[in-house]
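This report describes a ligand site and the pockets of a protein model. The sequence and structure come first.

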Amino acid sequence: MTDQTKTRITTNLEGQTAIVTGAARGLGRLIAQSLAACGAGVACVDVNAELLEETVGSIKSVGGQARAFTCDVTDSQAVNDTVDQVVKAHDGLQILVNNAGITRDGMLMRMKDDQWDSVLAINLRGTFLFTRAVAKPMIKGRQGRIVNIASISGMIGNPGQANYSASKAGVIGLTRTVAMELASRSITVNAVAPGFIETDMTAKLDPEIIDGIKQRTPLGRLGQPLDVADAVLFLASPAAAFITGQVLVVDGGLIA
Ligand code: NAI
């Protein structure tokens, strides 16, 4: 185990292989680093090849194992090819984290078709494509952990995010159903639903909105990326073997 990240979870993932989508930056990068710090070999997937190399470099520089896969999560063929390559290289696959996601906010009446389609494609179709692709190798290995990054917007809604909320509600429905379908093969499928986390995605928000969110959050602050990464790591770890079909809300109590 390396000390690359400040992860507060101690678990041994040596010998395991993980795929993390959207690993070029933000939460995905930290999740990839955390899994690698616990000994997993991590296949880092993203469309941003340059930043992806930075993620992989950061893992390798502290002795972790990682490889970059430039892949658009909406491209069915590319997703299947990526999973095939990972499975062949590592003789199996045990962990998938569906983290790639975007926002294209706007009020319903002004929302363009493309805003709807792109968010649904990346957030929901991408999660479906990777989940379908890993099912076979995980079933063969009779072991698997799938962790999908949802959002509290998919649970309570959020004005200006009809597309995003629908995509994340879809991710939650997908999570619960696939959990039932794969449970008999010892594969668990769970979601993490972050509230407002300090990343590039939320840096776009108006400071007044951020202040309002902090005031409404019982724990009085925005979440840190590590709060999400640690929740993912727990669900990906052997300690979560009897947990499936769940949504772990990481929001400082905002929707409690
Ligand atoms: P981010 O924008 O920093 O990172 C998203 C990553 O996904 C980027 O590296 C991007 O290149 C990649 N990506 C975008 N489209 C892709 C595609 N077609 N194929 C492959 N990769 C693609 O976002 P952040 O904040 O790290 O969010 C990560 C996940 O967490 C997303 O699913 C987001 O919806 C979710 N989330 C984030 C919250 C926050 O407050 N930051 C709150 C709730 C959920």
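A polar contact is a pair of N or O atoms within 3.5 Å. In this predicted model, a nitrogen atom of the ligand lies 2.7 Å from an N or O atom in the side chain of Thr199, so the pair falls within that cut-off. The protein covers 93% of the 830 Å² of accessible area that the ligand has on its own.

| Ligand atom | Side chain (N or O atom) | Distance |
|---|---|---|
| Nitrogen | Thr199 | 2.7 Å |

The shell around the ligand holds 27 residues, of which Arg25, Asp46, Asn99, Tyr164 and Thr199 come nearest. By class, this shell is made up of 15 nonpolar, 8 polar and 4 charged residues.

As for its location, the ligand sits in the largest pocket. Helix 1 (26–37), helix 6 (162–182) and helix 7 (200–203) are the elements that each give two or more residues to the shell around the ligand.

The largest pocket contains about 1,300 Å³ of space. Its lining comprises 49 residues, and Gly101, Ile102, Thr103, Tyr164 and Met201 lie nearest the pocket centre. Two or more residues of this lining come from each of helix 1, helix 5 (153–156), helix 6, helix 7 and helix 8 (207–216). Sorted by class, the lining of the largest pocket has 23 nonpolar, 17 polar and 9 charged residues.

Which residues line the second largest pocket? They are Asn80, Val83, Asp84, Val87, Lys88, Asp91, Gly92, Ala133, Lys136, Pro137, Lys140 and Gly141. Helix 3 (76–90) and helix 4 (113–141) are the elements that give two or more residues to this lining. By class, the lining of the second largest pocket divides into 4 nonpolar, 3 polar and 5 charged residues.

Conventions
Residues are numbered from 1 along each chain as its sequence is written. This is a predicted model: local features need pLDDT of at least 70, side-chain atom pairs count only at pLDDT 80 or more; totals for chains, interfaces and linings use all residues. Side-chain values use heavy atoms; hydrogens and water are left out. A residue is near a molecule or strand if one of its heavy atoms lies within 4 Å of it. A polar contact is a pair of N or O atoms within 3.5 Å; within protein, one must be able to donate a hydrogen and the other to accept it, and residues adjacent in sequence count only if both atoms are side-chain atoms. Accessible areas come from the Shrake-Rupley method with a 1.4 Å probe; for residues, only the protein chains shown count as cover. On a 1 Å grid over the protein atoms alone, a cavity is a set of points where a 1.4 Å probe fits but cannot get out, and a pocket is an open set with protein on both sides within 12 Å along at least five of seven lines; lining residues have an atom within 4 Å of a point. A molecule sits in a cavity or pocket if more than half of its atoms lie within 2 Å of its grid points. Helices (H or I, at least four residues) and strands (E, at least two) are DSSP runs, numbered from the N terminus. Ala, Val, Leu, Ile, Met, Phe, Trp, Tyr, Cys and Pro count as nonpolar, Asp, Glu, Lys and Arg as charged, and the others, Gly among them, as polar. Grid points are joined across faces, edges and corners, and a volume is the space filled by probe spheres set on the points.
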